[in-house]
Amino acid sequence: MMRMRKTSIALMVIFFVTLSATIAYLLEPSTFESWFNALYWVMTTMATVGYGDFFAKTLAGKVFTMFLYVFGIGLLSLVIGKVIESLGSIQRQRGAGTLSFRGENHIVLINWSKKAESAVEEILAYSPKSHIVIIDESSRHPLEEMHQVHFVSGDPSSDEVLTKAGIEHAQAAIIFADMRIEETSLIDGKTLLIASSIERLAPYVHTTVEVTQEKHIQNFRHVQVNEFVLSYDAISRLAVRSALHAGNSDLIHQLLSRQYGDDIYEIPAKSEWKTYGDAFTALLQLGATLLADRSDLGINRKLDQPIPAEAKLYIVSDEATYRRIAGV
């Protein structure tokens, strides 16, 4: 109904301006010389600009000018008011999370928390032009000032909510454990329900889930989740290493975060690299260190072995070195 009302107002304004320009030209053809000049005069009069390069000279023309002052300016004010009202309505809907996201290749973050906020910072540090969609059951956009971050309010397991977030066109989805739920089993149960909904709607989207208990991972196998992250596993390991080896946690923090120091990057294997040793030597000369092939961190003990066709090589370097190696 509101859309129809706005369309009616727009059509009414177009009709009024067109008719007024035609009447003005018919009343004083010698003054305006062309219909377009009459249209120009009507627009400047309604907008209260009034440059004075055209003006009515006859009595009928002046009476019509007075008519434009009263009705034309009022109509234009109504249109401006509707435009401002629409912009305000869109902003309110954005803040309330009721608008659908229309983009693609974005990253969907599900269940808002401090970890999700850190993920937003990390994503934008790694790829400043990325678009992020947050799905949460809260009623207010958590990062409304960030225009690259869209918010959808509602149940993340709902098809309607996931569709609003554009899950079918997303690059990846990360499901964070909802720590607002007190029972651990229920937390992972909610995560499983959300993962199942994503798998049904968009099975090709890379899905990463946070699981609170390792024993629950087997329950996710049938929904083909791509990656699992245990909630407290990394934290406890970092705490122990920090206690036993001073400075160890700083090193790992730099590798985990895109915002500090060198980072881990995936690079394509070049045709001239026949063995891991070839790749290791060539990369070292470019200022990068070959770290792993997929999850295999022991390739420094396999330097004489050939690089398989399905290899996924990872290096440690700064961004400039990575871009030079990858040619991006």
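A salt bridge is a side-chain nitrogen of Lys or Arg within 4 Å of a carboxyl oxygen of Asp or Glu. The figures show a predicted model, in which local features need pLDDT of at least 70 and side-chain atom pairs count only at pLDDT 80 or more, while totals for chains, interfaces and linings use all residues. Residues are numbered from 1 along each chain as its sequence is written, and side-chain values use heavy atoms, with hydrogens and water left out.

**Figure 1. Lys190 and Glu137 form a salt bridge.**
The side chains of Lys190 and Glu137 meet with an N to O distance of 2.8 Å. This pair links distant parts of the chain, 53 residues apart. Lys190 lies in helix H7 (residues 184-201), and Glu137 lies in the loop between strand E2 (132-136) and strand E3 (149-153). Helices (H or I, at least four residues) and strands (E, at least two) are DSSP runs, numbered from the N terminus. Lys190 counts as buried because its relative accessibility is 14%, whereas Glu137, at 46%, counts as partly exposed. Buried means under 20% relative accessible area, exposed means over 50%, and partly exposed lies in between (1.4 Å probe, protein chains only).

**Figure 2. Five residues are linked in a network of salt bridges: Asp136, Glu137, Asp178, Arg180 and Lys190.**
Within this group, Arg180 forms a salt bridge with Asp178, and the closest N and O atoms of Arg180 and Asp178 are 2.8 Å apart. Arg180 has 47% relative accessibility and so counts as partly exposed. Asp178 has 6% and so counts as buried. By the 4 Å rule, the count comes to ten salt bridges. Side chains of opposite charge can pair when their charged atoms come close.

**Figure 3. Arg140 forms a salt bridge with Glu144.**
The closest N and O atoms of Arg140 and Glu144 are 2.9 Å apart. Arg140 counts as partly exposed, because its relative accessibility is 47%.

**Figure 4. An open sheet has six strands in parallel pairing.**
The order of the strands is E3-E2-E1-E4-E5-E6. E3 and strand E6 (227-230) stand at the edges, each with a single partner strand, so one side of each has no neighbour in the sheet. Neighbouring strands of the sheet are turned by 20° against each other on average, direction ignored. The axes behind such angles are lines fitted to C-alpha atoms, for helices over the stretch in contact, and angles run from 0 to 180 degrees between N-to-C directions. Two strands pair if DSSP finds at least two bridges between them. Strand E1 (residues 107-110) and E2 run parallel and are joined by four bridges. Val108 stands opposite Val133 in E2.

E8 and strand E9 (residues 313-317) run antiparallel and are joined by four bridges. Asp293 stands opposite Leu313 in E9.

**Figure 5. Glu33 and Asn111 have positive phi values.**
Most residues other than glycine have a negative phi, and most peptide bonds are trans. Phi of Glu33 is near 65°, and phi of Asn111 is about 80°. Glu33 lies in the loop between helix H2 (29-32) and H3, and it counts as exposed because its relative accessibility is 62%. Asn111 lies in the loop between E1 and helix H5 (114-126). Asn111 has a relative accessible area of 2%, so it is buried.

**Figure 6. The side chain of Thr44 reaches the backbone oxygen of Trp41.**
The distance between the two is 2.9 Å. This is a polar contact (a pair of N or O atoms within 3.5 Å; within protein, one must be able to donate a hydrogen and the other to accept it, and residues adjacent in sequence count only if both atoms are side-chain atoms). Thr44 lies in helix H3 (residues 35-46). With a relative accessible area of 11%, Thr44 is buried.
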